[in-house]
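Subject: Structure for you to look at

Hi there,

Here is the structure I promised to pass on.

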Amino acid sequence: MPGADRTRSSSASAASTSGSDKAHGGVEGMNADLALRVVRRTPSSIIVSGAKVLATYGPFADEMFVYPGGEALPEHARDYALMFSIPVNTKGLIQVCRDHYGIPRSREDAPFSSRFDEQDTFLIFDEVEVPLERVFIDGDVKTHNSLVRSGWAANIQHQTTTRAAVKLEFAYQLGAAMANAMNISKRPDTAAMLGEILTFARLTRAATKAAETNARDFGNGAFFPDEKPTNAIRCSMAPWMVRTQEILIQIGSHNLLATPSLAAFRNPEMADLLDRYLPGANGVTAQERSRLFRTAWDFAGSALAGRNTLYERFYLGSRPRALSGDHAREMVTKSFDHLESFLG
């Protein structure tokens with residue numbers, strides 16, 4: 001890319017408009033003044049103003065990539081049909097950070113919150129100048145709207161489904177380990193809950209493999225996975241992730257809070273007492289038990305876990321939008337013919 005430092009590899013992205021009036025489209029009513037748009041032009045650049053949500057990893061990135069996402073633009077909205085990439089230190093680009101959920105604790109005590117808060121930002125573009133060599137779409141509504149219906153969706157949802165499979169598999173192992181530490185693995189209610197997570201994980205992994213197996217040559221050197229299986233996971237993943245968090249909290253119960261810091265086990269006045277009164281079942285030591293349940297709390301109950309659950313609920317848009325969008329695409333592609341064949 002002209003003007004980019006190729007030694008850098010970190011980028012963040014933003015696709016959604018920041019519409020405040022949900023009764024109107026993203027570029028209608030009061031939202032028209034909030035959405036990112038071209039406000040004027042020079043011979044060598046465009047000047048843009050407006051806002052975007054939500055740039056995960058934004059403060060740590062070198063580049064900010066703005067691309068189409070969400071609802072299709074109406075034909076008249078040419079000034080809003082944009083795709084470009086600029087350095088994060090470009091004049092007029094402002095990132096408003098949410099509260100930070102990382103905590104200064106040891107990896108043993110807070111394995112996620114001590115390391116993995118990515119940070120999310122609300123982006124304000126205040127008269128930002130974008131050189132033309134960094135602009136990929138400018139005013140082409142047809143191309144803007146078609147981009148998410150081409151390889152973009154298949155590729156990003158393949159990544160999404162792969163990520164979800166790993167997360168659900170981890171959650172299943174975590175829940176099973178907690179159940180073993182309390183010797184409740186064979187209780188019907190516990191086994192059924194763990195079976196739920198396992199089912200979520202297996203279906204997600206199967207969708208990933210199906211997308212890869214039915215991948216297609218898109219032309220011009222591009223090879224894209226089949227998006228139908230990953231579309232189904234996108235429609236299902238939000239309640240699955242929320243349910244998984246709920247199951248881990250239900251299995252862990254009060255044990256999620258009866259978890260001394262690992263430093264307490266190095267305190268000569270406390271170590272023997274903790275070893276005596278806080279062991280797990282099935283040979284799990286008190287320290288192993290504490291580390292296990294602290295991991296579960298950080299995964300399912302901490303401030304960072306709450307952020308992650310909200311993220312999963314609305315990742316790539318709400319579940320109703322995903323369901324209705326998948327239905328709309330099926331009405332166009334018509335991949336089933338069972339009814340027609342049956343009725344003759």
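The second largest pocket has a volume of about 150 Å³. A pocket here is an open set of points on a 1 Å grid where a 1.4 Å probe fits, with protein on both sides within 12 Å along at least five of seven lines, and lining residues have an atom within 4 Å of a point. The volume is the space filled by probe spheres set on the points. Of its 13 lining residues, Ile 103, Asp 109, Ala 110, Trp 297 and Asp 298 are the closest to the centre. Helix 6 gives the most to this lining, with three residues.

This is a predicted model: local features need pLDDT of at least 70, side-chain atom pairs count only at pLDDT 80 or more, and totals for chains, interfaces and linings use all residues. Residues are numbered from 1 along each chain, and side-chain values use heavy atoms, without hydrogens and water.

Helix 6 (residues 286-300) also packs on helix 4, at an angle of about 145 degrees and with the axes 10 Å apart. Helices are DSSP runs (H or I, at least four residues), numbered from the N terminus. Axes are lines fitted to C-alpha atoms over the stretch in contact, and angles run from 0 to 180 degrees between N-to-C directions. Gln 245, Leu 248, Ile 249 and Gly 252 of helix 4 touch Phe 293, Phe 299 and Ala 300 of helix 6 (heavy atoms within 4.5 Å).

Helix 4 (residues 227-252) has another partner in helix 8 (residues 319-333), at about 155 degrees and 8 Å between axes. The two are therefore roughly antiparallel (over 145 degrees).

Best wishes

Definitions and conventions
Parallel < 35°, antiparallel > 145°, perpendicular 65-115°, else oblique.
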